[in-house]
Amino acid sequence: IGGAMLLGPLLLQLGMHPMVSVATSSFMTLFTSSAAAFQFMFLGRVPWGYGSAMFGLSFVASWLGLKVVLFLVARYNRASIIVFALAVVLLAGLVMLVSVGVLRMTPDEPGSDPTPVAGLSRLCPRS
């Protein structure tokens, strides 16, 4: 969840057209993710096989998603489809974030301490 997840709804709330809001958010995401990727490349921390596979998969999925959304907007003449898509992505992110947090806080074995989440753990360990 990055800046585009915050900027997209904000621009929509300010009355910007959904197509312009998505384009602005996408540009910001491209810029920030490219900067992070270059940092990892310069530090030699990129597993090239995995990175290449994820780049290709992400590129194809983004292109396909763009074509589907543009087709739906043109067919139904409703830019609100973009707003609904953004809402679904935000809701899915919320559900996954809460689910992972709850699963990590659940002890693996009865009577054991749960895995610490975000640095939170017991102040006094059990004896």
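Helix H3 gives the most to the lining of the largest pocket, with 14 residues, helices being DSSP runs (H or I) of at least four residues, numbered from the N terminus. The model is predicted, so that local features need pLDDT of at least 70 and side-chain atom pairs count only at pLDDT 80 or more, whereas totals for chains, interfaces and linings use all residues. Residues are numbered from 1 along each chain as its sequence is written, and side-chain values use heavy atoms, with hydrogens and water left out.

The largest pocket has a volume of about 1500 Å³; a pocket is here an open set of points on a 1 Å grid over the protein atoms alone, where a 1.4 Å probe fits, with protein on both sides within 12 Å along at least five of seven lines, and lining residues have an atom within 4 Å of a point. Of the 34 lining residues, Ser26, Thr29, Leu30, Ser58 and Ser62 are the closest to the centre of this pocket. At least two lining residues each come from H1, H2, H3 and helix H4 (80-105).

Within H2 (residues 18-42) lies Ser25, which is buried because its relative accessible area is 7%, under the 20% limit applied with a 1.4 Å probe and protein chains only. Apart from residues up to four places away in sequence, Ser25 touches Ala4, Leu7 and Gly8, contact meaning heavy atoms within 4.5 Å.

Met16, in the loop between helix H1 (3-13) and H2, has a relative accessible area of 32% and is therefore partly exposed, a class that lies between the buried limit of 20% and the exposed limit of 50%.

Conventions. Points joined across faces, edges and corners; volume = space filled by probe spheres on them.
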